[in-house]
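This briefing concerns the predicted model displayed below. Its topics are the fold, the overall dimensions, the confidence and selected side chains.

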Amino acid sequence: MAIRPALIIVHRWIGLFATLWLFVLGVTGSIFVFYNEPDRALNPELRYVVLGSERLSAGEIIAATEAYKPGSYGYQI
């Protein structure tokens, strides 16, 4: 087999696989652009925070954070 026809066949197959790969990237990328809309529709409870009536001081928030994950707060007030 001559080199030119072999290169044409290889070029076509590489182009086919590259086209499929770029198609998958394009579809998933376009879905990612509109991620917030379906997420908001499917998980509305994760988008809103219910405020409590009790207000905490900064020290209480720091203590709760340290109790949850020790060493997460770098300095003391």
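From the N terminus on, the protein chain of this predicted model runs α-α-α, with three helices and zero strands. Helices (H or I, at least four residues) and strands (E, at least two) are DSSP runs, numbered from the N terminus. Residues are numbered from 1 along each chain as its sequence is written. Because the model is predicted, local features need pLDDT of at least 70 and side-chain atom pairs count only at pLDDT 80 or more, while totals for chains, interfaces and linings use all residues; side-chain values use heavy atoms, without hydrogens and water.

**Confidence**
- The protein chain has a mean pLDDT (the predictor's confidence in each residue, from 0 to 100) of 86, and 92% of its residues reach 70 or more.
- Confidence is highest in H1, at a mean of 94, and lowest in helix H2 (residues 36-42), at 86.

**Dimensions and exposure**
- The radius of gyration of the protein chain is 27 Å, whereas a compact globule of 77 residues would have one near 11 Å; the radius is taken over C-alpha atoms, and the globule rule is 2.2 Å times the number of residues to the power 0.38.
- Along the principal axes, the C-alpha atoms fill a box of roughly 80 × 35 × 15 Å.
- Of the 77 residues, 3% count as buried (under 20% relative accessible area; exposed is over 50%, partly exposed in between, with a 1.4 Å probe and protein chains only).

**Aromatic pair in H1**
- Trp13 lies in helix H1 (residues 3-33).
- One aromatic pair is found in a search of the whole structure.
- The ring centres of Trp13 and Phe17 are 6.1 Å apart and their planes stand at 35°, so the pair is tilted.
- Rings of Phe, Tyr and Trp (its six-membered ring) pair if their centres lie within 6.5 Å; planes under 30 degrees apart count as stacked, over 60 as edge-to-face and the rest as tilted.
- Trp13 and Phe17 are separated by about one helical turn, because they are four residues apart in helix H1.
- Phe17 is exposed, at a relative accessible area of 54%.

**Loop between H2 and H3**
- Pro44 is found in the loop between H2 and helix H3 (58-68).
- Pro44 counts as partly exposed, at 36% relative accessibility.
- The C-alpha atoms of Pro44 and Leu22 are separated by 33 Å, with the two residues 22 apart along the chain.
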